[in-house]
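We will go from stop to stop, selecting a few residues each time.

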Amino acid sequence: MFLRSLIAICWMLFMVGCQSSETTHSSPTSLFTLLSPKESGLYFINEVNETEKINILTYEYLYNGGGVAIGDINNDGLPDVFLTGNLFGGRLFLNKGNMKFEQISEKANVFYGGFTTGVTMVDVNQDGWLDIYLCRSLDLHPENRANLLLINNRDNTFTERAKEYGLADTGYSNHANFFDYDRDGDLDLFLLNHRVDFESALTLYTATNASGKKTLVTPLSNPATHSKLYRNNGNGSFTDVSAQAGIAKSTFGLSFSVADINIDGWPDIYVANDYGDKDFFYINNQKGGFSDQLNRMFRHISKNAMGNDIADFNNDGLLDLINLDMVAEDNYRQKQLKGNSPYDKYFLAVGLGLHHQVVRNTLQLNNGLNADGLPVFSEIAQLAGVSHTDWSWSPLFADFDNDGWKDLFVTNGYARDVTDLDYFRYRSVEALQKAGNAKNINPLELLKSMTSTPLTNYVFRNTHDLRFENKSAEWGINLPSFSNGAAYADLDADGDLDLVVNNYNSEAFLYQNNSRSHNANHYLQVKLKGTPPNPTGIGAQVTLVTDAGQQTQVVASTRGFLSSTSTPLHFGLGTTTMIKELKVTWPDGTMQSISKPPADQLMVLAQKDTQPAAPRSFSPKFIFKKASLTQLDTYTQLENNYIDFKDEPLLEHLYSNKGPYTAQADVNQDGLEDLFIGGAAGQSGTLFLQQQKGGFKKSVQPAFEKDAEYEDAGALFFDADGDKDLDLWVNSGGYQHEHSSPLYRHRLYLNDGKGQFVLVPQPFASNATCVKAQDLDLDGDQDLFIGGGVTPHSYPLCEKSLLLLNDQGRFRDASHLLPDGGKLGIVNDALWTDLDNDRFPDLVVVGEWMPITVLKNSSRQFLDITSKTQLTQSNGWWNCIEGADFDQDGDIDFVVGNRGENSFFKANPAQPARLYAGDYDQNGRLDAIPCYYFKDGRAYPKHSLDELANQIPLIKKKMTRYATYSNASIEQVIGTKETNATEVRLTHTFSSSYLQNNGNLTFRLTPLPVEAQFSTVQSLLVGDFNADKRADVLLCGNEYGSDIDSGRQDASSGILLLGNGKGHFTPVPAHRSGLYLDGDYRRVIRLKVVENQFFYFFLKNNGRGEIMQ
């Protein structure tokens, strides 16, 4: 969670800041009104006063705050509220109706001491009345940490009976969740305990095994820190079965959720862990045990995982998940409170099995079950607009405006800015020096030098397109606080969801929802009456179907962070009152269906009215299925170990990992298509010859093997020498070598007519990307365009793109025919096409920080007419382009692959991304500083001060404190004169797009569907995949070489877009297409195999590809 070095110095120190704020009313026109404790009676402060012995330095979870439980404890139909107080147990509030509450803690006998954390309301003894389970932590004496079970006496009083039930766990507990893991009908308990060895939290302890590989060594753990699974014995007692179940792990666990994520009828457990501990997704094996399958389901996770929630937020019937972390969206706090992300330590953690972790919120979108029966997720928080909410705790998915789509509420705030870099590096050190040493300093005085910044909570409106819109201020969620646990319920029975928020050292929030009076939307609430021993139907799934689609919810005993809600499920309906069907799947698998239930009511459904369910079966019917082609299916591209960031730390992604490139042709004239795959430096290119009986066989090619040290880039089969066989041109690329290296020399391999190749040296050298052939001079042979990439070690300068004319097998440089002598930009792809039907092929070029560039062929001189085509502001990070008549109007349109929209850093024509490059430290090399606009409308450098100083050390002489830099614009960092005098690049869009040809040399650029924006699109394949005579597009990509702080772009599993013949595309969900590609994909190609079969080969960077049919 935060930096450890200071704490190692001051191992026994700390202090408090008791912050309170006056409660104010939100605007009467807002969706929520904040009710004052005076008018509601719900007055509560989680007051924590730090001392020299108990403070944030001695116990790093001191500021995590308390939870909220909402449930009807007296069965009067009104949800009641319990809020935990860390130092005094908590308070119980009886709902009297009309948002009036009575505090009954003392007479209800729920007033207990101990450091209380999470709270759960659940009917433990199966009598139809909600009980309360309290978790406790911190205290060194086990008896003071014993969790409490308050059994409801049915008269608004409770009796503590945890020891009698076997649930007086004395671990360091955060939260408890009751659910039926073994499906025997009663509720078992998963208890989330946490580690307390905070001094070891960010240290990776390793050992070297016999094979020389580093392995993770877990510090000796206290059994009190192990999470527990308690099986309900059915007789009023519970038994610890943690070891047998495989979940007795010791982690910095902060929250967890329970849901049947793989749709097999058995509940699974997701555990969110703090610091560097890997999260777990325990899949129920249906035999009393669990196995962690997280790495097979998630491509990356949040590093400092706080609260989480599982819900179907996009109404596709599949459960999604959000995890919160601790990164701000504003520039100042983002720079001031977030440290470096060291490259080597990141990959050391990955290698030790801790998975890929990013410091930000993660929103995991469920793509459905793959062929192995496991769900595969795409992480899209940045695309959705919910990735950066500062130091956040409780996420809650719920439909707050009753429009039929789940919105998102997020609590926010931490009592002190403990990660403030000026405090950590300067103010704390000054305080220690003033005191003489750590033993002499008063921890309360030390903590006074920490700033304290209350933050507003967030509420996001679901915009129905996988995105959310921040509505916090407009909806009345605008009071700064240090908020932790939260829960929602319809407290006033008016048909919308109200909110209760537990605040640290200030009054709790009670928000009344005004949705019913602010819009015409309708609702349905569903209360389940299960049969004992699960009377509230925990684990049941309810699906509501209307003309607008379906909504799915699951009954759970805990949600968010340290909190629970045991109230009816709430469905917003929008403006409709017509419900087609309400379907319930009960925990035992029985089903219930109600046709056309009336809207705007509370519906009570009893489990006794159910029907047996049909047997579950999993037999997916995918469009694409995994296939095998001999030798191709085992081909693995091996990337050489060169890290561009070590030389240029400010790069946003690697430039040395662009392969593999491919070329296809019948090289041995046997009527079968063969395949060349280029290798990375140190791995020769490989030619695979197709066999008459199917499959492929590697062809031994000494010329390729001799050139293994080259980095193969774009490759092309064509008849270079006019002898009627197909020769091979291979560009050289990479970023490792100096610009003058002979390893950038391009290569021509001549075919002997039988598929054996010999090198013919060429004089042309550059770091190149694509190669495209066209007969430009109409002399019957093929000329070449070679796209110039980035100049090695001189980003963002570009190589010259080459135009090579073929004179009877000899090539001459005609690049002077290109604009600027071929200096077109960092080119990634190009396409020859006759745009104006004058029989002279024109050239469309795409690349990074470039517009979609249109070069008109005019008497063998290529003219840049981009400004006349309405593409002036089309600068992007374009990777690939393909053409077809997508709107069936007789001309060629295009699809173009870009970085995608799943990034915190955005770009548009009004607020473009900018790159300023200059020799700012006067060392003879360019320093390229990317800048982006933040929410205040100002552009700032992307990188932190430490990251910037890694490349420009002199910057710290100008920016002597972090706060100076955290407030600085790019002009203040490098100076106005320098900014205006250097290389400047712009990007206007990161959206992969459809480029419609208007037929008059003008174009219209529109984003492809949002599903195509999940990640970088590296390759496109056009075809008619559904046989409707309309052009479709198959896409693949990702970019694992992104900078560590941004995190790798891995959300794409490949996607099929079906065209409608009018220039519009419909994405096919993965659970229908079968595309569950997992990796850093660079190419997708179509292979025609014997008997006119078509296979699709997806080639991966630094890994084995995937063949599908």
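Start with the aromatic rings: a search of the whole structure finds 62 aromatic pairs, where rings of Phe, Tyr and Trp (its six-membered ring) pair if their centres lie within 6.5 Å, with planes under 30 degrees apart counted as stacked, over 60 as edge-to-face and the rest as tilted. Select phenylalanine 904 and phenylalanine 905: their ring centres are 5.2 Å apart and their planes stand at 85°, so this pair is edge-to-face. Phenylalanine 904 has a relative accessible area of 18% and is buried, and phenylalanine 905 is buried too, at 8%. Here buried means under 20% relative accessible area, exposed over 50% and partly exposed in between, with a 1.4 Å probe and protein chains only. Now widen the selection to Trp849, Trp877, Tyr932, Phe934, Tyr940 and Phe990, which ring pairs link with Phe904 and Phe905 into a cluster.

A note before moving on: this is a predicted model, in which local features need pLDDT of at least 70 and side-chain atom pairs count only at pLDDT 80 or more, while totals for chains, interfaces and linings use all residues. Residues are numbered from 1 along each chain as its sequence is written, and side-chain values use heavy atoms, with hydrogens and water left out.

Next, look for charges over rings (NZ of Lys or CZ of Arg within 6 Å of the ring centre and within 35 degrees of the ring normal). Arginine 145 places its charged end over the ring of tyrosine 172, 3.9 Å from the centre.

Now for the salt bridges, of which the whole structure holds 44; each is a side-chain nitrogen of Lys or Arg within 4 Å of a carboxyl oxygen of Asp or Glu. Select arginine 559 and aspartate 309, whose side chains meet at 2.6 Å, N to O. Arginine 559 lies in the loop between β36 and β37 and aspartate 309 in strand β21, so the pair ties together parts that are 250 residues apart in sequence. Helices (H or I, at least four residues) and strands (E, at least two) are DSSP runs, numbered from the N terminus. Both arginine 559 and aspartate 309 are buried.

Then pick aspartate 946 and arginine 425, a salt bridge of 3.6 Å, N to O. This pair links helix α15 with helix α11, 521 residues apart.

Move on to strand β44 (residues 686-690), where 5 of 5 residues are buried. Thr686, Phe688 and Gln690 are on one side and Leu687 and Leu689 on the other. Strands pair if DSSP finds at least two bridges between them: β43 (residues 674-677) joins β44 through 3 bridges, antiparallel, and β45 (residues 696-699) joins β44 through 4, also antiparallel. Leucine 687 is the bridge partner of phenylalanine 676, and leucine 689 stands opposite lysine 697. In the hairpin of β44 and β45, which has 5 residues between the strands, glycine 694 in the turn has a positive phi of about 100°.

Finish at the largest nonpolar core, whose 53 residues include Leu62, Leu363, Val386 and Phe468, the ones that touch the most other members. Such a core is a set of buried Ala, Val, Leu, Ile, Met, Phe, Trp, Tyr and Cys residues joined through side-chain atoms within 4.5 Å.
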